[in-house]
Amino acid sequence: MDVALTQTTITEYQHEMETGNLSAKQLTMHYFKQIADFNDQINAVLEINPEAIHIAEALDAEREQKGARGPLHGIPILVKDNIETGDKTHTTAGSLALENNYAKEDASIVQKLRAAGAIILGKTNLTEWANFMTIGMPNGYSSLGGQVLNPYGPGEFDTGGSSAGSGAGMAAGFAAGALGTETSGSILSPASSNSIVGIKPTVGLLSRSGIIPISNSQDTAGPMTCTVEDAAIMLNVLAGVDDNDSVTLISPDNGSIDYTASLRKNGLNHVQIGVPRAYMEGLDEEETAIINAALADMKKLGATIIDQVQLPTNVNNMNVMLHEFKNGINAYLTNVSSNVPVHALQDVIQFNKNHKKEALTYGQTILEQADRTSGNLVEAEYINARLNDIKQSQAEGIDQAMNEHQLDALIFVNNYGASIAAKAGYPSITVPAGSTSAGKPVGVTFTGQAFTEAKLIEMAYAYEQATQHRKAPKLI
């Protein structure tokens, strides 16, 4: 087992296991060794699944007796710690208040992973309460888990948030794939910051059941991997209807699309891509050069670039999230075990006050602001904000721009366009685009209209394969 194995793709792992050169047990033990050797440098993993090696052994025996269930059979996956796992690992959202929270069952998407033969390796650290706790908290910090660091520059480069542990852990070779969640940028930000691939799907493509909520309008989970191909393989398993989550019923294909069919190296040929330059303000000279080089590469690969596409830029507000958070978190906490000391948002706030030294390093201004809403979603302020978000982000935003210019995608840097896509509920995929001279990773993000993941994967794969910008961090 060596660094080369750590950078191997899921398809290559399957080939090695099918030919008898590798077992799921060996692969699981390899990743455990990676975590043992390097997690103290970046603090990405909160907890290891103590049953992982036994599960791997069982899956090896099953492969020998019956054959593999599919591409994820025996593949170790890390799970962000706001997604429920009904095993011997906790589900905490990084909060000391949920330190002893054991979920009664797996989240729907975790059930899908297990059914596909994936091994849940452990839980990853995150920005506490998925970065919906306070203003000024660093990306990747939680009172329970401490600070996640970026493996490309521990303590120097931002790790991105809130799926920081999933991003840093993937970059450091701690698993073959990881689950993150996004409400507004929480997959795209750590993926681009850690030079990996992240897919933020359309809201409704994946079930949200068993995920600690922020916003009913915007929440989704998604795969975080080292390659577009691996992300597509994971998305095939994760997508689909869940009877316990009505939003999954809006998907026109109900999880029937094979996203690996979009892995075409000519996927940028004859496509039209729009560039909303207003969303690139704040980039430095090097980052601007990197995105311009990415656009030039796409043009060489057959894309038509439409520059200076106009999009609304005043969509970055938390009004809807503040109201929906109290409603969602109160419902969620009602169902946690009686061993957990909090069963409503007010309880969380009081718990933090009672443990101020440990729990309130950066305060809890957002929690307190959310608690001042009714939690019943009846305020005119909330309803009008929700309707305005839909109007601005969809009809007068992404839909208008894409229809006007007949675009196949919009291009952003890192997570700079996350807010408008999040409010629309629309999909994005980010891919490594290179690094600055100091080694800071930069990502290019493709965004489209609802349920256009297959097209976005096609374009992202073509760009990735032609440029091959991802390089492993030096720590591994």
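How many salt bridges does a search of the whole structure find?

A: The model is a predicted one. A search of the whole structure finds 16 salt bridges. Side chains of opposite charge can pair when their charged atoms come close.

Start with lysine 88 and glutamate 51. Their side chains meet in a salt bridge, at 2.9 Å from N to O. The pair links distant parts of the chain, 37 residues apart. Lysine 88 sits in the loop between β2 (76–80) and α5 (108–115). Glutamate 51 sits in the loop between β1 and α4 (52–66). Lysine 88 has 52% relative accessibility, so it counts as exposed. Glutamate 51 has 26%, so it counts as partly exposed.

Next comes aspartate 81, which forms a salt bridge with lysine 123. The closest N and O atoms are 3.0 Å apart. This pair also links distant parts of the chain. Aspartate 81 is in the loop between β2 and α5. Lysine 123 is in strand β3 (residues 119–124), and the two are 42 residues apart. Both aspartate 81 and lysine 123 are buried.

Lysine 440 counts as partly exposed because its relative accessibility is 35%. Glutamate 287 is buried, with a relative accessible area of 5%.

Salt bridges can also share partners. In this way Asp87, Asp106 and Arg114 are joined into one network.

Now to the sheet. Several strands named above belong to an open sheet of 11 strands. Their order is β1-β3-β2-β6-β8-β7-β12-β13-β11-β9-β10, and the pairing is mixed. β1 (45–48) and β10 (304–307) stand at the edges. Each has a single partner strand, so one side of each is left without a neighbour in the sheet. From one strand to the next, the twist averages 30°. Strand β9 (residues 272–275) pairs with β10 in the parallel sense, over 4 bridges. Glycine 274 stands opposite isoleucine 306 in β10.

In one of them, the rings of tryptophan 129 and phenylalanine 325 have centres 6.5 Å apart and planes at 85°, so the pair is edge-to-face. Tryptophan 129 is in helix α6 (residues 128–131), and phenylalanine 325 is in helix α11 (residues 319–334). They are 196 residues apart. Both tryptophan 129 and phenylalanine 325 are buried. Trp129, Phe132 and Phe325 form one aromatic cluster.

Another pair is tyrosine 141 and tyrosine 362. Their ring centres are 5.0 Å apart and their planes are at 75°, so this pair is edge-to-face. Tyrosine 141 lies in strand β4 (residues 141–142), and tyrosine 362 in the loop between α13 (356–359) and α14 (365–371), so the pair ties together parts 221 residues apart in sequence. Tyrosine 141 counts as buried because its relative accessibility is 13%. Tyrosine 362, at 33%, counts as partly exposed.

Methods: Residues are numbered from 1 along each chain as its sequence is written. This is a predicted model: local features need pLDDT of at least 70, side-chain atom pairs count only at pLDDT 80 or more; totals for chains, interfaces and linings use all residues. Side-chain values use heavy atoms; hydrogens and water are left out. Rings of Phe, Tyr and Trp (its six-membered ring) pair if their centres lie within 6.5 Å; planes under 30 degrees apart count as stacked, over 60 as edge-to-face and the rest as tilted. Buried means under 20% relative accessible area, exposed over 50%, partly exposed in between (1.4 Å probe, protein chains only). Two strands pair if DSSP finds at least two bridges between them. Axes are lines fitted to C-alpha atoms, for helices over the stretch in contact, and angles run from 0 to 180 degrees between N-to-C directions. A salt bridge is a side-chain nitrogen of Lys or Arg within 4 Å of a carboxyl oxygen of Asp or Glu.
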